[in-house]
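Please look through the notes below with the structure open beside them. They take up a few places in turn, for a reader who is meeting this structure for the first time.

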2 protein chains.
Amino acid sequence: MQESFDISSSSGKYNVVAGLDLLEQVVSEHPDAIYMVDERLAGTLPKSVTRKILIEANEGNKSLEKMPEVLLKMREAGANRTSHLVAIGGGVIQDIATFTASIYMRGIPWTYMPTTLLGMADSCIGGKSSINMLGYKNLVGNFYPPERVLIDMAFIQTLNADQVVGGLFEAAKICYARGYQEFLAYLQESPTFPMSADNAQRVIVRALKTKKWFIETDEFDQKERLLLNFGHTFGHAMETALGYRLWLHGEAVAAGMVVAADLSARLGRIDAVATQRITRILERCGLPTRLAPGLSAQGVRELMGVDKKSKSGRLRLVLLDAIGSANIASDVDERLLLAALSAHAQVPA
Amino acid sequence: MQESFDISSSSGKYNVVAGLDLLEQVVSEHPDAIYMVDERLAGTLPKSVTRKILIEANEGNKSLEKMPEVLLKMREAGANRTSHLVAIGGGVIQDIATFTASIYMRGIPWTYMPTTLLGMADSCIGGKSSINMLGYKNLVGNFYPPERVLIDMAFIQTLNADQVVGGLFEAAKICYARGYQEFLAYLQESPTFPMSADNAQRVIVRALKTKKWFIETDEFDQKERLLLNFGHTFGHAMETALGYRLWLHGEAVAAGMVVAADLSARLGRIDAVATQRITRILERCGLPTRLAPGLSAQGVRELMGVDKKSKSGRLRLVLLDAIGSANIASDVDERLLLAALSAHAQVPA
């Protein structure tokens with residue numbers, strides 16, 4: 001059964017639909033659109049689609065340096081101001097499509113069809129793009145929501161266990177950031193692997209409706225939406241240290257959450273029992289709860305300095321006041337920060 | 001005397017101020033901002049400004065290929081999400097600054113200080129950027145208005161006659177597009193060269209307040225704002241044919257307006273007297289009223305085909321119904337179009 005709801009943004013409302021057979025629906029509604037598709041999914045496109053741009057989904061292609069190449073393909077496909085773009089793929093395709101649609105001839109309408117669980121349950125709404133530049137991860141980007149988000153549950157069956165778990169984790173994090181009741185409600189939807197299409201749809205719709213509150217309250221990432229970054233400053237630093245190998249994004253953020261909770265406890269914001277509870281939940285999901293092997297506390301700390309969430313040079317961290325109640329702290333004691341990292345390192349300091 | 005008014009946009013109101021000593025004011029309000037400045041104006045910056053990016057204002061630098069270089073300079077200057085950008089220069093600097101501010105770390109606030117009459121009287125409001133890409137003129141761009149526009153009349157004295165006339169012409173065109181009464185009111189402000197700062201301020205504020213109606217009614221160029229493109233489809237084609245040499249933008253658009261008026265008459269939308277009146281006004285301003293020397297009607301027509309205002313492959317032209325009343329026509333008879341161009345060519349067809 002299809003479910004549908006709207007998201008309000010400064011550029012107007014856009015619509016989110018979750019259900020089956022949505023790929024067929026978009027192709028019949030937009031036969032002349034330009035389809036920007038993850039090349040691994042090229043085979044799933046109906047033959048009737050002739051205007052397509054296939055993209056290899058990797059970090060190198062998600063860069064400002066590569067954008068002229070992508071936009072030239074738009075031009076060669078005959079796109080004009082009134083053309084429609086349909087993007088089908090995961091986060092990298094979404095980033096490239098958001099950026100392309102936002103700047104081609106000063107902006108064209110587009111539709112997004114996420115194909116990973118992370119995309120379906122989290123990134124597909126909110127309108128953000130993140131683009132690398134000259135080796136700087138996600139240094140550029142903007143906000144340009146699609147006209148419509150179509151979540152076709154058929155893509156769930158193309159995902160392996162790691163991909164599903166990573167996505168379920170992001171969904172959990174959203175509900176967690178909203179509050180303990182929301183987090184319990186999420187757990188009651190039985191987020192597990194393998195998932196039926198039905199089960200997946202329930203989990204995804206719950207996560208998106210929770211995220212809807214954050215992005216409608218704070219579209220441009222000024223305050224409330226920053227809470228969704230719980231664990232991310234630590235997680236990003238570890239991802240950078242690992243060169244985006246070994247760990248999925250969700251795994252790095254999980255380990256980051258444990259460090260953030262530990263630091264919150266050291267600062268007297270929560271008690272140690274709360275930290276243990278988070279750690280146990282993550283362990284039960286098969287997620288890491290320590291720094292990645294080989295990473296030192298000091299090494300991770302140094303990589304945290306260049307996070308773009310830092311304000312006026314000071315590091316801003318999302319810390320807990322209770323499970324499900326986070327706040328932004330900008331004046332964290334450097335010794336306690338290092339102590340929280342060291343406590344979870346797998347190498348000596 | 002300073003004058004100030006607001007412009008409403010989907011991302012909130014922004015403020016426009018015209019007067020003297022505004023450069024000093026912005027430097028004292030934003031001592032730590034990053035200043036992006038036309039390199040020819042580097043000498044006008046107070047010594048206290050230390051974070052600056054000097055840019056050679058040319059079409060080549062206003063390109064997507066060159067943006068990574070500019071954004072890298074932002075990074076090297078230490079810009080973060082809360083940094084402020086101040087841009088000082090003409091249209092090219094405005095385009096580069098709009099684009100930079102819109103995508104650096106997903107958008108930072110900025111202030112624009114136009115230094116050409118075209119910038120002061122027209123382009124400084126509306127929030128548009130136009131960026132070249134791989135040889136395609138203005139193929140990319142977006143909308144990202146500054147937080148504030150500060151028009152310092154001192155810059156008027158740095159302009160030569162051609163630059164002033166080009167700017168006065170754009171201002172005239174805006175008032176003209178709004179209606180005959182608005183156009184008469186504009187002429188009463190005595191737009192001439194040389195101009196005193198006082199005189200310039202009156203002309204500029206009138207043009208901007210007129211343009212305000214267009215951009216508040218149609219922020220994203222869907223309908224009313226297209227009327228400001230009167231003469232532009234013809235003008236752009238001539239500029240392209242001339243390789244952006246010989247004629248200023250305003251001169252190409254002036255010649256384009258005559259052809260557009262002639263075509264409107266051939267289609268029976270206005271009478272021939274109206275065309276003659278427009279031609280006489282432009283001649284009196286010293287502006288061209290025929291195609292540039294060496295350009296053929298057919299040559300200009302072919303270059304009109306790729307204008308991004310074309311919809312579904314069809315050419316959309318802004319044509320007159322009366323002086324000061326324009327509308328968009330999308331089904332223009334090709335023979336009449338060529339006849340209007342031929343009638344103003346300086347070479348045999």
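1. In this predicted model, Y35(B) stands opposite K52(B), a residue of strand 4 of chain B. The two belong to a pairing in which strand 3 (residues 34–38) of chain B runs alongside strand 4 of chain B in the parallel sense, over 4 bridges.

2. Helix 2 (residues 67–76) of chain B packs on the sheet here, where it touches strand 3, strand 4 and strand 5 (85–89) of chain B, and its direction makes about 160° with that of strand 4 of chain B.

3. At strand 1 of chain B the pairing is with strand 2 (residues 12–19) of chain B, in the antiparallel sense and over 7 bridges. These two strands form a hairpin with 2 residues between them, and within the pair S8(B) stands opposite K13(B) of strand 2.

4. Taken as a whole, the sheet of chain B is open and has 7 strands in the order 1-2-9-6-5-3-4, with mixed pairing. Its edges are strand 1 (3–9) and strand 4 (52–55) of chain B, each of which pairs on one side only, and the twist from one strand to the next averages 15°.

5. In chain A, E189(A) deserves a separate look: this residue lies in the loop between helix 6 (180–187) and helix 7 (197–217) of chain A. E189(A) counts as buried because its relative accessible area is 15%, with the limit set at under 20%. Leaving aside residues up to four places away in sequence, E189(A) touches N199(A), R202(A), V203(A) and R206(A), and its side chain makes a polar contact with the side chain of R202(A) at 3.4 Å.

Definitions and conventions: Residues are numbered from 1 along each chain as its sequence is written. Chains are lettered from A and ligands numbered from 1 in the order in which they are written. This is a predicted model: local features need pLDDT of at least 70, side-chain atom pairs count only at pLDDT 80 or more; totals for chains, interfaces and linings use all residues. Side-chain values use heavy atoms; hydrogens and water are left out. Two strands pair if DSSP finds at least two bridges between them. Axes are lines fitted to C-alpha atoms, for helices over the stretch in contact, and angles run from 0 to 180 degrees between N-to-C directions. Contact means heavy atoms within 4.5 Å. Buried means under 20% relative accessible area, exposed over 50%, partly exposed in between (1.4 Å probe, protein chains only). A polar contact is a pair of N or O atoms within 3.5 Å; within protein, one must be able to donate a hydrogen and the other to accept it, and residues adjacent in sequence count only if both atoms are side-chain atoms.
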